[in-house]
Amino acid sequence: MLALFAPIAVVIAAIAPQAWLLPPLAGLGLVLLVMVDGLLAGRLADMTLDVPEDAEIGQPVPISLLAEFSGHISGLPEAALGFEPRLGESGAANFPLSPAATDSIWSGEMQLTPMRRGTGQLHDLWLRWPGPLRLAWRQAHRALDNEIRIWPDLSPVRSPVLQAFMRDAQFGIVARRIRGEGTQFEALSEYEAGMDRRRIDWKASARHTRLYARENEAERDNQIVFAFDCGSSMCEPVDRLPRIDRAVSAALTAAYVALKGGDKVALFGFADKPELLTPFATEPRAFHRLQVAAAGLDYHAREPNFTLALATLAARLKRRSLIVLFSDFTDPTSAELMVESVERLVRHHLVIFVTMEDSELSALSRAEPDRLSDLATAVAAEGLARQRALVLQKLRRLGVDVIEAPWQVIGYQLIDRYLATKRAEAIG
């Protein structure tokens, strides 16, 4: 508005030179009006930011602000929050405030979606509100030191589907002996109508001159190790979150079911060298220790050393175990090294290899080309997909159970494979 007075001043000076002072005086009046509007805007008495101390990656984090003003507020105040990039993509977020209990108290809410595990910090808070004439804004700034601990996503564990399954499953919430399945002999009971005839123990029946059936106990106390490749490939995002975090969420879901089933669970993480190997958790109450250990798995922009990592894991295991390996690959050379290391592991242990379906690669290979460069991209993507399928086929020939699925279902598919393996008594 002040800039508009310059051409007006030129016109007035040309037509009525004696009135050239009018535009500068009008501009000065406007400046004074802005200053008065700012003084009448009211003052900030106090503001309180409510921030949770803990959150889960990929899940909304509610943050609320309560501000108290002295004086009348005619417009809607606006707040801006600055935070670390691990708490959100942009590092800043704006949100409006609305009247709360009284005219002097205003409140606002927003949500952050953490992008990585670790500890994220909120570092700055700005608050501004307009004057009655909307010509000026008052602004307040507060330096923050709030921290939010970002944990792995456990929403699949709390899902109604899994909780209903745990209630209906035989191992359920209360640990007890599971009879009728498995191969470990538990006891003899008198045969009753409706029992499976294959369970009849004919020798015992002949000795007692009446029919007796065998009751077997399902296999328990198995060792299950969830091994995570924390290298560069697993740090690549899939649907905005790193693959390693999708894998951790699926592994913890399966670990929860395994602990409820009476088995032992440990976590193993590696990149260019082994990073983490937890003691075996033996009961559901120890699940929190697994969650804390999984939260400490770091992100590494380095290629994984499968030879060193899997050899170290095999040396630490004293009995046959089920090893669930979460990994991904793009380089055929590193994939061959991985296959060789897994081959040595399969000799003494049962291995399940879990990888997430590369939807981006599939979309590139199936897209209709409009230009020659699109055709070259589709051919390259098809070649990478073919190499990927070849590596997975080699793993299957070694006796490795391979799970390749979208990230949304790998946790449930892993539970299915674990239960099938447990029923087959293939671990011990």
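Colleague: Where does R134 lie in this predicted model?

Modeller: R134 sits in the loop between β8 (118-130) and β9 (137-151).

Colleague: Why is R134 called exposed?

Modeller: The cut-off for exposed is over 50% relative accessible area. R134 has 52% relative accessibility, so R134 counts as exposed.

Colleague: What is the phi of R134?

Modeller: About 60 degrees. That is a positive phi, although R134 is not a glycine.

Colleague: Where is D239, and what is its phi?

Modeller: D239 lies in the loop between β13 (237-238) and β14 (241-242). Its phi is near 55 degrees, a positive value in a residue other than glycine.

Colleague: Which residues are buried in helix α8?

Modeller: In α8 (residues 306-316), F306, A309, L310 and L313 are buried. Buried means under 20% relative accessible area.

Colleague: How do you know on which side of α8 they lie?

Modeller: They cover an arc of only 85 degrees around the axis, so they lie on the same side of α8.

Colleague: What do the buried residues of α8 pack against?

Modeller: Their partners are the strands β12 (223-229), β15 (264-270), β16 (274-277) and β17 (322-326), plus the helix α9 (332-346).

Colleague: What makes N305 a cap of α8?

Modeller: A side-chain oxygen of N305 lies 3.4 Å from the backbone nitrogen of T307. A polar contact needs N or O atoms within 3.5 Å, so this pair qualifies. N305 caps the N-terminal end of α8.

Notes:
Residues are numbered from 1 along each chain as its sequence is written. This is a predicted model: local features need pLDDT of at least 70, side-chain atom pairs count only at pLDDT 80 or more; totals for chains, interfaces and linings use all residues. Side-chain values use heavy atoms; hydrogens and water are left out. Helices (H or I, at least four residues) and strands (E, at least two) are DSSP runs, numbered from the N terminus. Buried means under 20% relative accessible area, exposed over 50%, partly exposed in between (1.4 Å probe, protein chains only). The arc is that of the directions from the helix axis to the C-beta atoms. Contact means heavy atoms within 4.5 Å. A polar contact is a pair of N or O atoms within 3.5 Å; within protein, one must be able to donate a hydrogen and the other to accept it, and residues adjacent in sequence count only if both atoms are side-chain atoms.
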